[in-house]
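Me: I would like to learn how to read a few features of a protein model. Please take them one at a time.

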Amino acid sequence: MSLPAPEVPPAGPAGSRLRAIDTLLADRGQLFQALFLSAPIPKALVDLDGHVLVANPMMCALTGRTAEELAGRHVDLLSHPDDPPAGDLGLVPAPQEPDLDPNLLLDGERRLRRSDGTELWAVQSHEIVRHNNGEPQFVVLSLVDVTDRRRAEEDLVRRAFTDPLTGLPNRRALTDRLRHAVALSRRRGLQVGLVHLNIDRFKAVNEALGHEAGDLLLSQVADRLRWSTRVEDTAVRLGADEFLVVAEDVEDLDGLRALADRLLSVLDEPFVVHDREITLSASVGLTLGSDMTPDDLLRQAQSALTKAKADGSRARIEVHEGALSRDDVDALQLETDLKHALENDELRLFYQPIVHLGDESLLGYEALVRWQHPTRGLLPPGAFLDAAENNRLTSRLGEWVLRRACLDAATWPEDLRVHVNISARHLAEEGFSELVASALAESGLDPMRLELEITESTALFAAEATLHSVAVVTDAGVTLALDDFGTGYSAITALHRLPIHTVKIDRSFVADVVTEPSTAALVQGLLQLGRGMGLQVIAEGIEDLDQADWLLRHGCAMAQGYAFGRPAPLPNPAEVFIGEMTDAPAEDVAGELLPQQIEPPAVPVQRSVTAETAPQRPVGTWDDEPDDTGFTGEFALTSELLDDIGDEPDAD
């Protein structure tokens with residue numbers, strides 16, 4: 001707009017009107033100021049370079065700044081920090097407009113930031129004010145606050161694509177998300193995985209506790225799925241008790257199975273609804289693909305889930321047949337074989353010695369499970385515990401290991417203890433304390449000679465059932481050990497939740513304790529923490545004398561590792577007796593406690609078994625370096641299943 005200079009008015013009525021207009025225009029500065037300051041719309045006068053000359057009260061109220069704070073500041077002060085700079089958007093002035101600062105050209109709806117950091121949305125417009133000669137003088141910048149309308153629109157969209165009960169994306173949102181994931185996987189050369197979960201026997205929960213309790217339970221399930229998935233994955237509620245996780249950038253079926261195992265493990269912990277503990281499980285259907293439509297992927301996942309629930313079993317994982325490789329078929333066969341392993345007495349216990357670092361005397365053993373497969377030979381836990389998890393056999397395996405370990409330990413000298421790993425789910429199951437009491441009574445083992453090992457996560461997230469079981473067994477004299485100490489981020493919290501007697505420093509720290517100063521400082525801190533809380537401390541994974549010497553010098557009393565003996569079957573009492581009668585060297589009977597530089601203990605019954613006296617290891621076990629079977633000594637299992645039977649890869 002422009003303000004023309006007044007002209008000399010003619011005589012007569014018309015001239016009178018023009019003279020009145022002339023008088024008004026003569027004072028146009030005051031008129032403009034009055035209109036500007038009283039405008040109900042936030043406005044600011046800005047120079048062509050984007051610096052504020054003056055702002056009206058409505059602009060001050062909108063931005064949260066005074067007129068003095070705005071004067072002289074560049075308008076990019078109002079821009080939201082998450083939006084790209086206006087200069088990067090390639091905006092150009094309209095025809096016949098002068099060169100203006102890019103921030104003045106952002107007409108339309110845009111996001112701004114108030115002085116207190118809060119976000120607002122406004123519709124921006126600008127108008128150029130010119131001199132009489134047409135030269136641009138300044139710009140009137142107007143902002144109309146549309147934050148409420150914008151939020152209402154976003155809320156409508158969110159409601160349309162969000163499940164109102166759980167807050168997860170709904171089936172309508174799934175279509176768009178899955179289409180995006182498939183397109184992205186094709187560009188990256190990877191695959192999209194679907195994990196279709198259905199809560200087992202959820203109808204019974206609704207009928208027993210009511211729909212309100214069922215809704216609370218579903219909300220808790222959704223929360224656990226939400227924080228158990230990766231950032232790039234999407235958890236969706238399909239309806240009723242069905243959930244689906246879209247996993248992007250999946251390399252192979254093993255990666256998808258690992259995700260499914262993790263999701264099932266977080267559902268293993270009991271839920272609390274209306275002060276009642278409820279244990280859930282879920283059946284799972286898996287599928288994997290890239291060169292197919294989203295609808296085809298969904299149908300395959302549904303087909304796999306239907307198969308998982310077909311026989312009425314619980315917590316079963318099935319894979320769509322089109323996604324199965326030869327290895328997958330082999331794994332399924334292994335799952336079937338494992339169901340008969342307990343019935344056919346095919347499981348074996350190996351024991352790894354725990355020694356006193358000061359005098360190398362034997363203190364006890366940790367029990368570790370093996371499977372003597374009828375056709376595949378001796379299998380390490382890494383080869384079959386996944387199959388146990390898929391069939392929900394971990395509790396049955398755990399019971400067998402506990403009973404067998406107690407029976408074996410009852411035949412040892414009375415000063416030797418036995419350590420047994422227990423999973424979080426097994427510990428939380430009803431009747432666990434009775435199981436421990438039964439195993440002790442059946443074997444005649446003194447409860448003080450049994451130590452149960454649990455993981456840090458078990459201690460952190462222990463529910464009431466877990467705490468009750470622990471209280472019962474520890475009151476009877478059984479002790480509790482915290483395995484893999486230091487690998488989590490809440491170790492102190494874990495120590496306070498349960499009556500921990502022993503902590504085991506993880507082998508990943510011990511391996512570098514001599515060569516890495518930072519690791520040495522960490523281990524020294526863990527030792528001081530354990531001793532300061534009056535706890536026994538065991539260092540796992542000791543493989544040489546340098547590590548043993550360092551730990552001994554820094555106050556670690558007990559140790560476990562290849563330097564003192566690999567997991568192996570214990571010699572039976574007859575073998576030990578023959579060794580004593582013939583005065584055979586200790587290492588010929590039970591294996592050396594330390595390498596040859598250190599004398600073994602004098603008492604034969606306190607000797608461990610090493611690789612020299614243990615049976616030859618079949619291909620596929622993990623007591624040495626990785627072999628051609630692919631076993632690397634790493635437990636490919638969910639976090640808490642790792643310790644259900646034996647912490648084998650981390651068990652030195």
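Reply: Start with a charge over a ring, which requires NZ of Lys or CZ of Arg within 6 Å of the ring centre and within 35 degrees of the ring normal. Here the charged end of R224 sits over the ring of F271, 3.7 Å from the centre. Likewise, R172 lies over the face of F161, 4.9 Å from the ring centre. This is a predicted model, in which local features need pLDDT of at least 70 and side-chain atom pairs count only at pLDDT 80 or more, while totals for chains, interfaces and linings use all residues. Residues are numbered from 1 along each chain as its sequence is written, and side-chain values use heavy atoms, with hydrogens and water left out.

Me: How many aromatic pairs does the structure hold?

Reply: A pair of aromatic rings is described by the distance of the centres and the angle of the planes. Rings of Phe, Tyr and Trp (its six-membered ring) pair if their centres lie within 6.5 Å; planes under 30 degrees apart are stacked, over 60 edge-to-face, and the rest tilted. The structure holds three such pairs. One of them, Y351 with W412, is edge-to-face, at 5.3 Å centre to centre and 85 degrees between the planes. Y351 is in strand β13 and W412 in the loop between α13 (394-409) and β16, 61 residues apart; helices (H or I, at least four residues) and strands (E, at least two) are DSSP runs, numbered from the N terminus.

Me: Why is the pair of Y365 and W412 edge-to-face?

Reply: The ring centres of Y365 and W412 are 5.1 Å apart and the planes stand at 65 degrees, so this pair is edge-to-face. Y365 lies in strand β14 and W412 in the loop between α13 and β16, so the pair ties together parts 47 residues apart in sequence. Y351, Y365 and W412 form one aromatic cluster.

Me: Are Y365 and W412 buried or exposed?

Reply: Buried means under 20% relative accessible area, exposed over 50%, and partly exposed in between (1.4 Å probe, protein chains only). Both Y365 and W412 are buried. Strand β14 (residues 362-373) is mostly covered, with 10 of its 12 residues buried.

Me: Which strands does β14 pair with?

Reply: Two strands pair if DSSP finds at least two bridges between them. Nine bridges join β14 to β13 (residues 347-356), running antiparallel. Three join β14 to β16 (residues 417-421), running parallel, and three join β14 to β15 (residues 377-379), running antiparallel. As for individual partners, Q352 is bridged to E366, and G364 stands opposite R417.
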